[in-house]
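Morning, everyone. Please have a look at the sequence and the model on the screen. I'll start with a question.

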Amino acid sequence: MFTQTTHRFLIGAVVGLTLGCSSTKPEAESRPPVTPAGAATTQAPKPTEAATAAAISTIVDNFRRVHFEFDSATLSPATREVLLANTELMRAHPDVTVEIQGHCDDRGTTEYNLSLGERRAKAIRDYMAKAGVEQARLAIISFGKERPIARGTDETAWSKNRRAEFRVLVDRTAVATIRGSTDE
């Protein structure tokens with residue numbers, strides 16, 4: 001059995017833990033800890049939810065999709081310009097991870113187009129990694145011809161479907177799909 005003193009202590013501890021874990025902390029507790037001069041820090045502070053939300057918003061508003069020539073994973077000069085701008089955004093927001101999605105037009109087999117979409121996504125990942133984005137922040141996936149954005153059996157529709165799009169990931173969970181266009 002608990003004594004009255006033990007019981008009061010346990011209630012006080014539970015209340016203290018509950019208050020200590022509440023989502024509203026005094027301003028002094030929300031400041032980052034001060035590191036003494038010359039002391040080494042072992043871990044960078046995690047970005048706040050507001051900073052992450054702002055970074056996601058910036059990426060979504062400014063990233064642009066890219067397009068490819070028929071049966072090609074080669075990055076054109078125009079594509080490289082767009083990817084360089086996307087890379088700069090990634091470098092400015094190191095807390096954001098992006099999934100690169102490779103897409104194809106509807107010509108060819110499902111298997112071939114899945115492979116081509118993967119080559120397109122890898123070409124973009126490799127270019128952005130060489131330009132300064134950590135490869136671990138660049139996930140890839142191929143949808144082949146399974147997710148067209150334009151219906152039709154002419155070059156206008158096919159050229160719109162030969163593309164790479166991007167999705168913002170937070171903790172490997174998609175939080176926003178980027179629908180930007182190159183307007184080419």
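Is Phe 166 buried or exposed? At 1% relative accessibility, Phe 166 counts as buried. Buried means under 20% relative accessible area, exposed over 50%, and partly exposed in between, with a 1.4 Å probe and protein chains only.

A word on the source. This is a predicted model, where local features need pLDDT of at least 70, side-chain atom pairs count only at pLDDT 80 or more, and totals for chains, interfaces and linings use all residues. Residues are numbered from 1 along each chain as its sequence is written, and side-chain values use heavy atoms, with hydrogens and water left out.

Now the partner. Phe 166 forms an aromatic pair with Phe 63. The structure holds one such pair. Ring centres must lie within 6.5 Å; planes under 30 degrees apart are stacked, over 60 edge-to-face, the rest tilted. Here the centres are 5.1 Å apart, with 85° between the planes, so this pair is edge-to-face. Phe 63 is buried too, at 1% relative accessibility.

Where do the two sit? Phe 63 is in the loop between α3 (49-62) and β1 (66-67). Phe 166 is in strand β4, residues 163-170. They are 103 residues apart.

Zoom out. The protein chain has six helices and five strands. These are DSSP runs: helices are H or I, at least four residues, and strands are E, at least two. Of the 184 residues, 32% are buried.

Last, two arginines. Arg 107 lies over the face of Trp 158, 3.7 Å from the ring centre. Arg 147 lies over the face of Phe 143, at 3.8 Å. The cut-off: CZ of Arg within 6 Å of the ring centre and within 35 degrees of the ring normal.

Note on methods:
Phe/Tyr/Trp six-rings, centres within 6.5 Å; stacked < 30°, edge-to-face > 60°.
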